[in-house]
Amino acid sequence: MNVDIDTLSSLLGCKANQHNFDKLWNIISLYDKYSIANNKFTPPTVLAKLSRDEYSYIRRAIASNPSTPIDIIAALSTDRDVWVRNYVASNISTPVDIIGKLSNDEYECVREGVARNVSTPAYILTELSTDRDIIVLECAVEALRRINKL
């Protein structure tokens, strides 16, 4: 999946052309990539490219962006970096089926992300309210209390 020249130009605020496009993309600073990854208006093609970035810091930003397309969220939900999965679990746009899978992640911080996500359904929170990790358990119980007050 390629990022088009006009999109890159507008995101970077400079003029790219076919000749310097690949070179320009490869020298974008981590700060610029992070800013682009966090921008809710970044086109899906750019988010897709950044979701495969070697730096987990960039993938985390993509995982937390509520405008990230579902197919990218799904791919990031199995990322090797536990904090990328935590950001997916915390993203309000993450579909319930992915939230359900992440609620069984081996790492507490991922399950905590599920418990803290305001989009997590009560039935998943109920399961997490008996989690072996006290922080996950407390977050799930607090979320259930909040839901019951509504």
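What share of the contacts in the protein chain with a separation of 6 or more is accounted for by residues 24 or more positions apart? The share is 42%, where a contact means heavy atoms within 4.5 Å. The model is predicted: local features need pLDDT of at least 70, side-chain atom pairs count only at pLDDT 80 or more, and totals for chains, interfaces and linings use all residues. Residues are numbered from 1 along each chain as its sequence is written, and side-chain values use heavy atoms, with hydrogens and water left out.

The protein chain holds eleven helices and zero strands. Its pattern along the sequence is α-α-α-α-α-α-α-α-α-α-α. Helices (H or I, at least four residues) and strands (E, at least two) are DSSP runs, numbered from the N terminus. The chain has 150 residues, and 45% of them count as buried. Buried means under 20% relative accessible area, exposed means over 50%, and partly exposed lies in between (1.4 Å probe, protein chains only). The accessible surface of the chain comes to about 8500 Å². Carbon and sulfur atoms contribute 53% of that surface. Areas come from the Shrake-Rupley method with a 1.4 Å probe; for residues, only the protein chains shown count as cover.

The largest nonpolar core has 32 residues. Such a core is a set of buried Ala, Val, Leu, Ile, Met, Phe, Trp, Tyr and Cys residues joined through side-chain atoms within 4.5 Å. Helix H11 (residues 134–149) supplies the largest share of this core, five residues. Among the residues with the most contacts inside the core are Leu50, Ile62, Val88 and Leu128. Leaving aside residues up to four places away in sequence, Val88 touches Ala63, Ile73, Leu76, Ser77, Thr94, Ile98 and Leu102. Of these, Leu76 and Leu102 are also listed with the most contacts inside the core.

Seven salt bridges are present. A salt bridge is a side-chain nitrogen of Lys or Arg within 4 Å of a carboxyl oxygen of Asp or Glu. One of them joins Arg59 and Asp79 at 2.7 Å, N to O. Arg59 lies in helix H5 and Asp79 in the loop between helix H6 (70–76) and helix H7 (82–90), so the pair ties together parts that are 20 residues apart in sequence. Both Arg59 and Asp79 are buried.

Glu112 pairs with Arg116, with the closest N and O atoms 2.7 Å apart. Glu112 is partly exposed at 21% relative accessible area, whereas Arg116 counts as exposed at 52%. Glu142 is partly exposed at 40%, and Arg145 is partly exposed at 49%.

Tyr57 sits in helix H5 (residues 56–64). Its relative accessible area is 42%, so Tyr57 is partly exposed.

The disulfide count is zero, a disulfide being a pair of cysteine sulfur atoms within 2.5 Å. Cys109 is buried at 15% relative accessible area. Cys139 is buried at 13%.
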